[in-house]
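Biologist: I would like to go through this model term by term. Please set each value against its definition.

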Amino acid sequence: MTESPRGRLGKRLGRILVMLPYVIANPGVSVNELASRFGVKKRDLIEDLNLVFMCGLPGYGPGDLIEVAIDGDRVYVDMADYFKEPLRMTPAEALALYAGAAALATLPGMEQADALKRALAKLGQAIGADRPHAPAGIEIQMESGAPQHLEKLQRALTDGTRVKIEYFSATKGQLTERVVDPWGLIAALGHWYLVGWDHLQSDERMFRADRIKEVESTEEAAEVPADFDPDRYRGAFRGAGSTTLTLEISPSAARWFEDYYPVVSSSPLEDGWKRAELVSGGDRWAATLVMRLGPDVRSVTPESVMKEARSLAGDIAANYS
Amino acid sequence: MRRIERLINLIIALLETRLPLTADDIRTKIAGYDQPSFDAFRRAFERDKEALRAMGVPLVVKKIDPLDEHSDGYIIPKDRYYLPQLDLEPDELAALRIATEAVLGSGQEAASGWLKLSVDATAAPLEGPRVVWGADFDTDQPILGPLYEAQLERRPVRFTYLPASGDESVRTVEPYGLVNRRGHWYLVGRDVDRSAERSFRLSRVRGRVEALEGSYEIPACFDAESHLPQDAWEIGEEPVSAVLRFNSSMRWWIEQNMPALDTKEAPQGALDVTLTVANVDALVSWVLGFGSSVAILAPAAARDRVLQRLQPLLEGRS
């Protein structure tokens, strides 16, 4: 059986290998602090310490074993100099940390930007310390749009205030004014997005930062869900109020389609076409998608999308008469 | 003795030994390897090696006697086990902590990486400010870690690749760089069989990535950007000149996105934009994305293509 590093044993061992250096560096640290820092129950933590107590150098005599003392709620570890420094980061850990830091460093006006850039440089050197080129080998490309907008939006997020924005809707090809309760900023698909409640549509919406023409701050308090979780916006932008779109795609289009659109699930059909379910950006957006696919799409639901597509096709055709 | 204790003992012994330990040494000296038969020991030891490597513990095999094929010795080199000293200032550590909060998907990887960095910092804050950021870089894609590891170790990789057009084939690549562009990961490197630098979109890699023996150098003048795919309408055979009419509501967007292009005023505040296009289909698709706010004036072939795409919908109206 292969052990995954995220399996139970791997996780526990990984935790022990970073907890011991921490206790050695901070003698007398409390059990409570350790438990919260390493995200374990106190009982499990004490079990970890009791287990380490039985380990050590070959010979396993009194002078060879790791010394662990729990005095009241204070923890001490001795005779374990080989665990003074933690195990180096795995490539996956380094990459995730580096990517997050690199993204945040592109956020204009971020208070900690200077510290973050210094940290990023040090981190970069460390993960490739004995390897000359790294991490020139990782590159995170972000287009940040108008920097002053992102600064204003961040301030509104910190203050918890409502904003008025002038937003360019690409599918409608026009600017609209909206009142938005900002919930968060999400970096995805190479852009920063503002997530929040759009009072114009009475719905949760994502606004691409580079399509915001103006931001006006207000004094009004924004309503933010207490359980707002940025993780919900991963991958396919699965907003709570989002609807799905189901369509069948030709074999030739199916190849690239999933790379470009927020496909939630897809299944092959007998004739080589594929049925795909995706998060809809609204009927208007879905209608433009149907037009772009032309003969490569069939069986679109909901029907309201086809209605919109037919009406839009008429408007477009008028431009060409 | 539980397996986890045996693993800890193995790490300690292999870190502290000056000379590589043979399988026999390990069996007789390290607590937990007292299996009744050599075969049972061997199986346990193989599993343990695999578990440690999966966690990133650098367990190295060295020949003890260069003349004897069967004289494998095992050691964990200290310089490869320990995290190098980063000397992060408290504010740098705090900023990185915020960054770990922002990582969507691989938050656990980022967080365990951060814990390793913060060992020496007593006052390192555990709680960041209210989480209002998220960064989605698809860093939990399972082949990303192995590719990055191979790149760090300068080992060629082999994988099955399905290009956007063409057939699936097995590629051998020397990884030069990993780029996240518009939210997608690309591996840029030298395709060994084609003897040329290429980019590979990770979502088109089928199955697992295998790291091969061998080594390579990354050319000093290597530039990942020049090997990444361009905008769709820039890829094609014969570039043609196209004229697009944007209606007045699109003016702000044009100023933001196409400032360098050749523009001309048109009736009712519309703007005619001339640009060079190499792929008419990609242009048509892009223009349709704007609904009726943009129309193609030239070339005629592109206008026909628009009407062709609309035809099924226009028929459906009657």
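Modeller: Let me begin with helix α8 of chain A. The cover over the buried residues of α8(A) includes β10 (243–249), β11 (263–268), β12 (274–280) and α9 (283–293) of chain A. It also includes β7 (184–191) and β8 (196–201) of chain B. Contact here means heavy atoms within 4.5 Å. Helices (H or I, at least four residues) and strands (E, at least two) are DSSP runs, numbered from the N terminus.

Modeller: This is a predicted model, where local features need pLDDT of at least 70, side-chain atom pairs count only at pLDDT 80 or more, and totals for chains, interfaces and linings use all residues. Residues are numbered from 1 along each chain as its sequence is written, chains are lettered from A and ligands numbered from 1 in the order in which they are written, and side-chain values use heavy atoms, leaving out hydrogens and water.

Biologist: Which residues of α8 in chain A are buried?

Modeller: Helix α8 spans residues 251–260 of chain A, and its buried residues are Ala253(A), Ala254(A), Phe257(A) and Asp259(A). An α-helix has 3.6 residues a turn, so residues three or four places apart point the same way.

Biologist: Why is Cys55(A) called buried?

Modeller: Buried means under 20% relative accessible area, exposed over 50%, and partly exposed in between (1.4 Å probe, protein chains only). Cys55(A) has 0% relative accessibility, so it counts as buried.

Biologist: And why is Cys221(B) called exposed?

Modeller: Its relative accessible area is 71%, so Cys221(B) is exposed.

Biologist: How many disulfides does the structure hold?

Modeller: Zero, over all chains. The test is a pair of cysteine sulfur atoms within 2.5 Å.

Biologist: What makes a set of residues a nonpolar core?

Modeller: The members are buried Ala, Val, Leu, Ile, Met, Phe, Trp, Tyr and Cys residues, joined through side-chain atoms within 4.5 Å. The largest such core has 126 residues. Those with the most contacts inside it are Phe83(A), Leu104(A), Trp192(A), Ile26(B), Tyr81(B), Leu117(B) and Trp133(B). Helix α4 (residues 91–105) of chain A gives the largest share of this core, 11 residues. A second, separate core has 55 residues, including Ala276(A), Phe290(B), Ile296(B) and Val306(B).

Biologist: What is Ile26(B) in contact with?

Modeller: Leave aside its neighbours within four places in sequence. Ile26(B) then contacts Leu10(B), Leu14(B), Leu21(B), Tyr33(B), Phe41(B), Phe45(B) and Tyr74(B).

Biologist: How does chain B compare with a compact globule?

Modeller: A compact globule of 318 residues would have a radius of gyration near 20 Å, but chain B has 29 Å. The radius is taken over C-alpha atoms, and the globule rule is 2.2 Å times the number of residues to the power 0.38. Along its principal axes the C-alpha trace of chain B spans about 90 × 50 × 45 Å. Buried residues still make up 51% of the chain. Chain B has 10 helices and 13 strands.

Biologist: Where do the domains of chain B lie?

Modeller: Domain 1 covers 3–81, domain 2 90–131, domain 3 147–228 and domain 4 240–317. These bounds come from an automatic or database domain assignment. The C-alpha centres of domains 1 and 4 of chain B lie 66 Å apart. In chain A, domain 1 is 5–84, domain 2 87–141, domain 3 147–228 and domain 4 243–320. The centres of domains 1 and 2 of chain A are 29 Å apart.

Biologist: Why does Leu275(B) count as buried?

Modeller: Its relative accessibility is 6%, so Leu275(B) is buried. It lies in strand β12 (residues 271–277) of chain B. Beyond four places in sequence, Leu275(B) contacts Val240(B), Ser241(B), Ala242(B), Leu244(B), Met258(B) and Leu261(B).

Biologist: What is the phi of Arg154(B)?

Modeller: It is near 55 degrees, a positive value in a residue other than glycine. Arg154(B) lies in the loop between α7 (144–153) and β5 (157–161) of chain B. At 11% relative accessibility, Arg154(B) counts as buried. Tyr60(A) also has a positive phi, near 50 degrees. Tyr60(A) is in the loop between α3 (42–52) and β2 (67–71) of chain A.
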